[in-house]
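Please study the sequence and the structure shown below. The paragraphs that follow lead from a pair of strands to the sheet around them, and then to a single residue.

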Amino acid sequence: TNQIRQVYCISYDNGQSWSDPIDFTSQIYGQDCDDPVRKSWYACFVTSGSGIQLRNGAIAFPLVFRKDYNTRETNYPVHLAWTTDLGRTWTIGAQSLTGGDETKIVQLDNGSILASVRQPQNIGKRLFVISNDNGDHWEYPYNVTELVDPGCNGDIKRYTSTLDGYDRSRLLHTNQYHQSSRSNLTIRVSYDEGNTWKYTKQLDPGLSAYSAIEIAGNGDILVYYEKEHSQKGYDMALMRVTLDYITDGEDKYTPPTKKSKEL
């Protein structure tokens, strides 16, 4: 009776004002859900940060579930939820993995969805898993040894794509580059859709936690993160960096060509 509720709001003026919260919990899970399996699930939350819009127009978010009261903390299943009608109706995809936690997603140029998954504390690295059908099914998950991680919520983001007229396709990833401590916030750049990460730049060597990435209109990279100021809490910090800074001048942002945009 005391479920974690799932709600969304809509803004039609670029965030100046918002609709009242619209509760769609019953479409996801819990006692009022029509799905006979999800009806019995115990708890659910949406990963903090942002979801993505797929190229087919759907808006998608990763959800972390606790399917029964006795589920251990190290065994959280992750599913993808998406809507094609601005939140009126929601679809839940297949379970991507167990043993996960907060997850971020990005769509690859070939249409697949790549999920970067926080693993339980002390695993020491992040987990990747790919869906080739928009979350209906998932491939076998694999550890990414490059992405050393203490078990914290990071972010993965599409920076540029040749499909949108840019010179190269690039992905960005932020996380705490440390085996066990939530410290050393780091950003990486991939040019091969997340298979390898060519450039690494330390953003904050101190204690920090959750991070999220957004791209400014001029190509600047905005990193919003929790910066610890004491043993008791965090300040919310916003850092603005450029591709030129991350790559030490070896790469720089170039706007998409008009011709490619029109195509």
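In strand β17, M236 is the bridge partner of E226, and R240 is the bridge partner of L222. The model is predicted: local features need pLDDT of at least 70, side-chain atom pairs count only at pLDDT 80 or more, and totals for chains, interfaces and linings use all residues. Residues are numbered from 1 along each chain as its sequence is written, and side-chain values use heavy atoms, leaving out hydrogens and water.

Strands are DSSP runs (E, at least two residues), numbered from the N terminus. Strand β16 (residues 221-230) and strand β17 (residues 233-241) run antiparallel and are joined by nine bridges; two strands pair if DSSP finds at least two bridges between them. A hairpin of two residues leads from β16 to β17.

Both strands belong to an open sheet of six strands with antiparallel pairing, in the order β12-β13-β14-β15-β16-β17. Its edge strands, β12 (155-160) and β17, each pair on one side only. Strands of a sheet pair through backbone hydrogen bonds, either parallel or antiparallel.

Attention now turns to Q53, which lies in strand β4 (residues 52-53). Is Q53 buried or exposed? Q53 is exposed because its relative accessible area is 56%, where exposed means over 50%, buried under 20%, and partly exposed in between (1.4 Å probe, protein chains only). Apart from neighbours within four places in sequence, Q53 is in contact (heavy atoms within 4.5 Å) with A58 and I59. The side chain of Q53 also reaches the backbone oxygen of G57 at 3.1 Å.

Notes. Helix = DSSP H or I, 4+ residues; strand = E, 2+ residues; numbered from the N terminus. Polar contact = N/O pair within 3.5 Å; in protein donor to acceptor, adjacent residues only side chain to side chain.
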